[in-house]
Amino acid sequence: MNKINEIFDIKKHDIISITGAGGKTSLMASLALSLSKKGRVLVTTSTKIALPKKGFDRIFTSFDDYFDDKKAKIICLGEKVPDKDKLASIGYENLSKIVGDFDYVLIEADGCRNLPLKFWYPHEPVIYDLTTKVIGILPIKIIGKLASSDFIYNFQGFSKNIGTGIIDSKMINKLIAYDKGFYKVFEKEKYFFFNQVESKEDYYNIEKFKKEFDVADIKLRYGSLKEGKFYEN
């Protein structure tokens, strides 16, 4: 078992984009807390995220209000969406001006409407070329479920490109390998994290998946954000 920042081989000045479903925000929060012991952390988005209520030393809801508060270890920054508890992206150019203020940057790079599985529309994910690593995430508990619009964001795209029926390792491999999905055109370090590995069934499924995982340029990791348990493949 490892620390969360260790399984992704995170180094100082990494800029990490997180994509997928079933734990993106929790993954960002866990990474931010862990990395704050090593340096200053910026949490932001290239699309939209929920406006956080806690867990940050400072929250800026406008780029115009931002200043480099040296005392703050974990900062959240975005543009407040009018009449919604959401933050939108500050934009590529604004982000590029301030990344040097931080030791680590975490970017939520797509949305899923709080559903545990998704397929991407053409405009997503938004992965800035500043990014040094991309982490894709899904919950392992989707394995064995019948694919349905009830829990899949963009079910039409999923069924057309990935398939229908019971979700199995073959489907997940196909989704991870999809060239316009988790990683889009990103060519640097790529990781896939299976979240919510907690029960005996989950551990059985991850062992089975590990044997069938066949996406060569992506590093597989797994564990439970809830339980604070993290493993390398």
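I took two strands as paired if DSSP finds at least two bridges between them. Helices (H or I, at least four residues) and strands (E, at least two) are DSSP runs, numbered from the N terminus. The model is predicted, so I kept to its rules: local features need pLDDT of at least 70, side-chain atom pairs count only at pLDDT 80 or more, and totals for chains, interfaces and linings use all residues. Residues are numbered from 1 along each chain as its sequence is written, and side-chain values use heavy atoms, with hydrogens and water left out.

Entry 2, the open sheet. I looked up a sheet of 3 strands and found the order E3-E7-E6, open and with antiparallel pairing. E3 and strand E6 (79-80) are its edge strands, each pairing on one side only. Between E3 and strand E7 (residues 86-88) I noted 3 bridges in the antiparallel sense. Ala50 stands opposite Lys86 in E7.

I used a 1 Å grid over the protein atoms alone: a pocket is an open set of points where a 1.4 Å probe fits, with protein on both sides within 12 Å along at least five of seven lines, and lining residues have an atom within 4 Å of a point. A volume is the space filled by probe spheres set on the points, which are joined across faces, edges and corners. The largest pocket holds about 840 Å³ of space. It is lined by 32 residues, and Lys48, Ile49, Ala50, Lys86 and Glu108 are the closest to its centre. Helix H2 (24-35) and strand E3 (48-50) each supply at least two residues of this lining, and H2 gives the largest share, 6 residues. I counted Ala, Val, Leu, Ile, Met, Phe, Trp, Tyr, Cys and Pro as nonpolar, Asp, Glu, Lys and Arg as charged, and the others, Gly among them, as polar. The lining of the largest pocket then divides into 14 nonpolar, 9 polar and 9 charged residues.

The second largest pocket has a volume of about 200 Å³. Of its 13 lining residues, Phe119, Trp120, Tyr121, Pro122 and Tyr178 are the closest to its centre.

I took a nonpolar core as a set of buried Ala, Val, Leu, Ile, Met, Phe, Trp, Tyr and Cys residues joined through side-chain atoms within 4.5 Å. Buried means under 20% relative accessible area, exposed over 50%, and partly exposed in between (1.4 Å probe, protein chains only). In the largest nonpolar core, of 34 residues, Leu138, Ile176, Phe192 and Phe194 touch the most other members. Strand E10 (133-139), helix H5 (169-177) and strand E12 (189-195) are among the elements that each supply at least two residues of this core. H5 gives the most, with 4 residues.

Entry 5, strand E10. Is E10 enclosed or open? I found 7 of its 7 residues buried, so E10 is largely enclosed by the rest of the structure. Lys133, Ile135, Ile137 and Pro139 point one way from E10, and Val134, Gly136 and Leu138 the other way. E10 runs parallel to strand E1 (residues 15-20), with 5 bridges, and parallel to E12, with 7 bridges. Val134 is the bridge partner of Ser17, and Tyr191 in E12 is that of Ile135.
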